[in-house]
Amino acid sequence: MSVVEVKEKTNNYLLQIEGLKKHFPVSTTIFGKTKQTLKAVDGIDLYLKKGETLGIVGESGCGKSTTGNTILRLIEPTEGKIIFEGEDLVKLSKKKMQEIRKDIQMIFQDPFSSLNPRMKVFDIIAEPLRTHGVAKGKGLEDMVYELIETVGLDRSLAKRFPHEFSGGQRQRIGIARAIALKPKLIICDEPVSALDVSIQAQILNLLLDLQRKFDLTFIFIGHGIPAVKYISDRIAVMYMGEVVEMTTKEKLFSETKHPYTKGLISAVPIPDPKLRDKTERVIIENDIPDQLNLPEGCRFYSRCPFGTERCKVEKPKLNEISNEHYVACHYPLN
Amino acid sequence: MQANAESKSELNINDKIAKSKNQSTTIRGLKLLLQSKTGTIGFIIVICVVLVAIFAGVLAPHDPALNNLTATLKPPAWLDGGSWNYVLGTDNLGRDVLSRIIVGTRVSLLVGVFSVVLAGLIGLIIGIVAGYYGGIVDNILMRLVDSFLAIPSILFILVVLAVFEPSLLVLIIVIGLTNWVTYARIVRGEVLSIKEREYVKASKSIGTKSSEIMLVHVLPNIVSSFIVISALSVATTIILEASLSFLGLGIQPPDVSWGAMLTDGRNYLATNWWLATFPGLAITITVLGIIFLGDWLRDVLDPKTQVNQKGGAK
């Protein structure tokens, strides 16, 4: 996707990410010069329409969580633009950024470490409201109780501490905290991967309900294909810091173009043995290449069953091959 | 729907567990105190020691500084040659050991507790700031700590005490100023691990100010280890005061402290053991009491400790 194209479409986009990079210095010389960098996120372009859910999938270490953290500037990006409602977040001053944080919230992966064990549920949910001076006293109380009920908990639980709750309930508390300020965008950083499968469904349904109710836009980061497939409208597949394929959910599964995406989808177990035997699968072999010495050509070359000489030397760009279907591959699958 | 029912039943179970818990912190604290034997013992010891310190003037049977050369080195009352006039015996100048211990409580407790409070406060602030901000702030503060650690603390104290007249206040300040480094180091280490927790990240993403994050999220979560170290270092501080007295830079006569008594008694250890033994016992019991109380306090501050209806903290 070229920058020009993105700009034309700007109007109905809530968030646009252009050429976002995050490089972590891994080792430095004694003079403080960086010797090696880990390119966690290496030039990605994403866009997000109002009210939709963009899923980001990829294996561990592909940079999906880093992307999420960079949007909120919990990690400062190395390069690139993060345009939220027409404003480039990267260029904002710290003070202005604090203001914007009202509109972008985050739901975390581990519900056991995302809640302060020494704070009562009431105070945890009230924190964003107090920080931004939204409400005080009785008004604050009413708002917090309403939030607790919105996420499906009982208001009598407000005076308890987090350790008294199960993982699913804790995640609900985390969600209540995230929606407290009525944000426009919520970044869900693997919100269900630490939960039991039965609880996962509850939390996903809760997120969908809240999205409808409060007109939320989600970025849903996950490594479990089924959860991401269930909740997302569009999905971006990341591999080693780059987006390799991005399209609508339907197209991603019916018209898979990138061999890596195909491999990811093939890795999801199919419960029905008859169906399983019929399905054509792409098996990804080998390990990911050394992230400190990235290959020159396509980063997936070493593991790709269809790789050619061209893939080894020439890096494929992310192209729009059909409407809203972006693929970074020289030889997309049919 | 099924999922909903499941979460409802989860709530019910939690309801039952938590019924007993909707009580105020004070009541919960007292219940926990009664539950733990060591807590109760520690509480009683500390209260007694504090009362002794306050009413030392009334409780002491003799003037602690009064020499009685007709009754030097008298053994405790229950030994041959002892008399009930001097219950714990007398020292080389005929001063009553019991009275000296009672009056010495004041100095030892004041020095022990307040210099720990002072050191703890400085260490806590520097440790949190260094750990939380990291980078250059951390580097500067920790190199400062390192250079403090590199100077032998006794040497530092000697220099300061050579300049200022040794008094109770000066002692407290100077001991506090030498001991803060240990706290700073330990607190910084704890903060380093806590600031990576997701609730700190969550608070940052909400837009909470750094100062508030440190106060609300970081501080309460390092408090338990902090209390344990503090309780332990009250003991070392009382001993440090003793060694200063030994060098003649501690509390000056006619004032008396347990440490000074220990030092005086050292020369007579082989022949008149009671001179050093009883102040030593006083230190041991007090320190034990403070440590027990510290353990209880840590439990009270941790919301995970439950008041058990049948008794016995969990």
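Reader: Where does A:Ala328 lie?

Author: A:Ala328 sits in the segment after β12 (325-327) of chain A. Keep in mind that this is a predicted model.

Reader: Is A:Ala328 buried or exposed?

Author: Buried. A:Ala328 has 23 C-beta neighbours inside 10 Å, and the cut-off for buried is 20 or more, so A:Ala328 counts as buried.

Reader: Which residues does A:Ala328 touch?

Author: Leaving out residues up to four places away in sequence, A:Ala328 touches A:Glu242, A:Val243, A:Val244, A:Pro316, A:Lys317 and A:Leu318.

Reader: What separates the C-alpha atoms of A:Ala328 and A:Lys312?

Author: A gap of 14 Å. Along the chain, A:Ala328 and A:Lys312 are 16 residues apart.

Reader: On to the sheets. What is the strand order in the open sheet of 8 strands?

Author: The order is β6-β7-β8-β3-β9-β10-β12-β11, in chain A. Pairing in this sheet is mixed.

Reader: Which are the edge strands there?

Author: β6 and β11 (319-322) of chain A. Each of these pairs on one side only. From one strand to the next, the twist averages 25°.

Reader: How do β7 and β8 of chain A pair?

Author: In the parallel sense, over 5 bridges. β7 covers residues 185-189 of chain A, and β8 covers residues 217-222. One bridge puts A:Asp189 with A:Ile221 in β8(A).

Reader: Which strands does α6(A) touch?

Author: α6(A) packs on the sheet and touches β6 and β7 of chain A. The direction of α6(A) makes about 175° with that of β6(A).

Reader: And where does helix α10 of chain A lie?

Author: Helix α10 (residues 259-266) lies across β3 (53-57), β9 (234-239) and β10 (242-248) of chain A. Relative to β9(A), α10 runs at about 105°.

Reader: What about the open sheet of 4 strands: what is its order?

Author: β2-β1-β4-β5, in chain A, with antiparallel pairing. The edge strands are β2 (34-49) and β5 of chain A. Helix α2 (residues 64-71) of chain A packs on this sheet, touching β1, β2 and β4. The direction of α2 makes about 75° with that of β2(A).

Reader: How many bridges join β1 to β4 of chain A?

Author: 5 bridges, and the two strands run antiparallel. β1 spans residues 13-28 and β4 spans residues 79-84. A:Glu18 stands opposite A:Lys81 in β4(A).

Reader: What do β4(A) and β5(A) form?

Author: A hairpin, with 2 residues between the strands. In the turn, A:Glu85 has a positive phi of about 50°. The pairing of β4(A) with β5(A) (residues 87-88) is antiparallel, over 2 bridges. A:Ile83 has A:Asp88 as its bridge partner, and A:Phe84 stands opposite A:Glu87.

Reader: Now the core. How many residues has the largest nonpolar core?

Author: 156 residues. Those with the most contacts inside this core are A:Ile125, A:Val237 and A:Val243. The largest share, 16 residues, comes from helix α5 (residues 97-133) of chain B.

Reader: What is A:Ile125 in contact with?

Author: Beyond neighbours within four places in sequence, A:Ile125 is in contact with A:Val144, A:Leu147, A:Ile148, A:Ile173, A:Ala176, A:Arg177 and A:Ala180.

Reader: Switch to chain B. How many helices and strands?

Author: Chain B has 12 helices and 0 strands. Of its 314 residues, 39% count as buried. Among contacts in chain B between residues at least 6 apart in sequence, 68% join residues at least 24 apart.

Reader: How do α5(B) and α6(B) cross?

Author: At roughly 145°, with the axes coming within 7 Å. The crossing is left-handed. α6 of chain B covers residues 135-150.

Reader: Which residues meet there?

Author: From α5(B), B:Ile126, B:Val129, B:Ala130, B:Gly131 and B:Tyr133. From α6(B), B:Gly135, B:Val137, B:Asp138, B:Leu141 and B:Met142. By class, the residues of this contact are 7 nonpolar, 2 polar and 1 charged.

Reader: Last one. How many residues are in contact between chain A and chain B?

Author: 34 residues of chain A are in contact with 25 residues of chain B. On chain A, the elements giving two or more residues are β6 (104-107), α4 (121-131), α6 (167-179) and α7 (197-214). That side of chain A has 10 nonpolar, 14 polar and 10 charged residues.

Key: Residues are numbered from 1 along each chain as its sequence is written. Chains are lettered from A and ligands numbered from 1 in the order in which they are written. This is a predicted model: local features need pLDDT of at least 70, side-chain atom pairs count only at pLDDT 80 or more; totals for chains, interfaces and linings use all residues. Two residues are in contact if their C-beta atoms, placed from the backbone, lie within 7 Å. Ala, Val, Leu, Ile, Met, Phe, Trp, Tyr, Cys and Pro count as nonpolar, Asp, Glu, Lys and Arg as charged, and the others, Gly among them, as polar. Two strands pair if DSSP finds at least two bridges between them. Axes are lines fitted to C-alpha atoms, for helices over the stretch in contact, and angles run from 0 to 180 degrees between N-to-C directions. A nonpolar core is a set of buried Ala, Val, Leu, Ile, Met, Phe, Trp, Tyr and Cys residues joined through C-beta atoms within 7 Å. A residue is buried if 20 or more other C-beta atoms lie within 10 Å of its own, exposed if 12 or fewer, and partly exposed in between; C-beta atoms are placed from the backbone. A crossing is left-handed if the near helix is turned anticlockwise from the far one by less than a right angle, and right-handed if clockwise.
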